[in-house]
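Here is a friendly walk through one model, for reading with the structure open beside you. Please look it over, then follow along strand by strand and helix by helix.

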Amino acid sequence: MTRKKRRLYILLLCGLGLGSATALTLTAFQDNLVFFRSPSDIMREAPPANRAFRLGGLVEAGSLERGTGADGKPTANFRVTDGAHVIRVSYAGVLPDLFREGQGVVTLGMMQPDGVFRAKEVLARHDETYMPPEVADALKRAGHWNPAEGAPPPPAEWNTAPRRGG
Amino acid sequence: MTAKADSSPSGAAPGARSLHRFANPGRFLRASARVQVWLWMAAALVLGAGLVWGLLLSPADWQQGETVRIMYVHVPMAWLAMGGYTALAAASIMSLIWRHPLADLFARELSPVGALVTALCLATGSLWGRPMWGTWWVWDARLTSVLVLFFLWLGHAALTRAFEDQERGARVGAILALVGIVNIPIVKFSVDWWNTLHQPASVTRLDAPGMHVDILYPLLTCALGFSLLFGAVVLARTRAAVMERRIRALQLARARREEAMGA
C-alpha cells in the first residue's frame, strides 16, 4: 500500500509542477497567443509601422461601401469596431459569404500612414448562435434584433421559440 | 472479493489484486460480452436517428444555410476527442499507480480510435471553415491546440507500440498521456482566454445554449450516438486485445511444456 501511495504522491506532485509551469508559460506568452487585436488594443498600443498584424471586431452598421477597383477587382471599405473604438479598413478582393454589417471579421494587413488599415485578407468570424431562418425573421420583424447592429438577443428569449411560417 | 481475483495469465503486478472488480481481465471479458451487444445496438439506433434528424429533418441556420449540418459530425468528434483523452488520462493514472494490466490494454486500444476522431474533427472543421470563414486553416489558439491533441493521440499510439516489452511501452505511454492532459483545458478554454477565429462554446455555457432547440436536440442525439459507437469500438478492441494476450500466454505455456517434455 505504501508503494501505491508513494506513486500517487509523486504523480500529484508532477501534475502540480506541470500545471503551474504550463500556466506560467501561457501567461507569459499571452500577447502572442491572441489571433487578432481589437481596435481598443491598437489604440492602447500602436503596432510597429510596416508590420502586418490581424485586426478583429464587428463590421460597423452602415459603414460598408462596395466598389470596383481600377483593375476590375471588387473593393470594400468598411469600419471595424469593438464598441469603444473604430478603425477604417480598405480591402480589394472577394469577401467571404458570411461577411455583412454587424458580423465579426478578422482582417490581416498593415496600418497606412493615413490611419486606414489596408487588409490583404478578410475572414468572417461566426458567432456562437445557431438559429433557424424562421426564428431569425420573427425576431427581426418584431424589432427585437437588427443583425447589422450586432449580436442577437440572449438565447433564452428565442431558443425555444416555435418555428412556424417563413 | 476472493483472494484469488486475478486470473490474468500474464500474472499481474502484486498490487493489481482486489482493487477494482472489473479490472480483472476474466471478469471483464464475461461482463463486456453481454454489454457489447447492447452497446452496438444502442449506437446503431441512436446514431441512425440522430443523423437522419440532423442531416435531413433539422432546419438550416439563418446565415450559414445548409453548411451548418457539418456541425452534427464536427462537434461530436470534438467532444469525443477531448472526452476520450480524459479517459486515456484516467486509465494512465490507474496504470501508473495501481499497475492495472487492463488499464494498459484499454489505453493502448483507445489511442488509435482517439486519433481517428480527432482527425475527423480537424477535417470536418476545415471543410466547414472554408465556406464560412473563408479559409481552410488558421493558426489560432483553438485550432492549434486541437492539432496538438491529434499529435498527442498519435504519439501515444506509436509510443505504446514501440517497445519490445509491452509493459514498458504502456508505462511510457501513460506518462506521455498524463503530460498531455494539460492540453485539454487549453483546448476547452482557448476560445475564452484568447482572441480566436473559432467561435466560443454554444452548448456548454452558463446561460441558455446559444442554439435553437431544433438544432440543439439533433446535435445532442448525434453526440450520444457517436459516443456509443466510440465506446463500442473501443470495447471491442480492448476485448480483442485481452483475448490476444491470453492466446499468447497459452501458446507460451504450451511451448514451454513441449520443451520440458522434449528435454
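## A hairpin in chain A

M111(A) stands opposite F117(A), which lies in strand β6(A). This pairing belongs to a model that is predicted. Strand β5 of chain A covers residues 104–111, and eight bridges join it to β6(A) in an antiparallel arrangement.

β5(A) and β6(A) make a hairpin, with four residues between the two strands. If you click through that turn, stop at G115(A), where phi is positive at about 85°.

## The other partner of β6(A)

Which strand pairs with β6(A) in the parallel sense? That is β4 of chain A, residues 86–92, and the pairing with β6 (residues 116–125) runs over four bridges. To find the spot on screen, look for R88(A), whose bridge partner in β6(A) is V116(A).

## A second hairpin

Chain A also pairs strand β2 (residues 65–68) with strand β3 (residues 74–81); these run antiparallel and are joined by four bridges. Here T68(A) has P74(A) of β3(A) as its bridge partner.

How many residues lie between the strands of the hairpin of β2(A) and β3(A)? There are five, and G72(A) in this hairpin takes a positive phi near 85°.

## Two helices crossing in chain B

Now turn to chain B, where the axes of α2(B) and α5(B) (residues 166–180) come within 9 Å and cross at roughly 130°. That angle is why α2(B) counts as oblique to α5(B). The crossing of the two helices is left-handed.

On the α2(B) side, the residues that meet α5(B) are L88(B), A89(B), S92(B), I93(B), S95(B) and L96(B). Facing them from α5(B) are A170(B), R171(B), A174(B), A177(B) and L178(B). Sorted by class, this helix contact holds eight nonpolar, two polar and one charged residues.

## Where the chains meet

The two chains touch as well: 38 residues of chain B and 35 residues of chain A take part in the contact. In chain B, α2 (71–98), α3 (101–132) and α7 (213–262) each supply at least two residues to the side that touches chain A. Which element gives the most to that side? The answer is α2(B), with four residues.

Notes
Residues are numbered from 1 along each chain as its sequence is written. Chains are lettered from A and ligands numbered from 1 in the order in which they are written. This is a predicted model: local features need pLDDT of at least 70, side-chain atom pairs count only at pLDDT 80 or more; totals for chains, interfaces and linings use all residues. Two residues are in contact if their C-beta atoms, placed from the backbone, lie within 7 Å. Two strands pair if DSSP finds at least two bridges between them. Axes are lines fitted to C-alpha atoms, for helices over the stretch in contact, and angles run from 0 to 180 degrees between N-to-C directions. Angles under 35 degrees count as roughly parallel, over 145 as roughly antiparallel, 65 to 115 as roughly perpendicular and the rest as oblique. A crossing is left-handed if the near helix is turned anticlockwise from the far one by less than a right angle, and right-handed if clockwise. Ala, Val, Leu, Ile, Met, Phe, Trp, Tyr, Cys and Pro count as nonpolar, Asp, Glu, Lys and Arg as charged, and the others, Gly among them, as polar.
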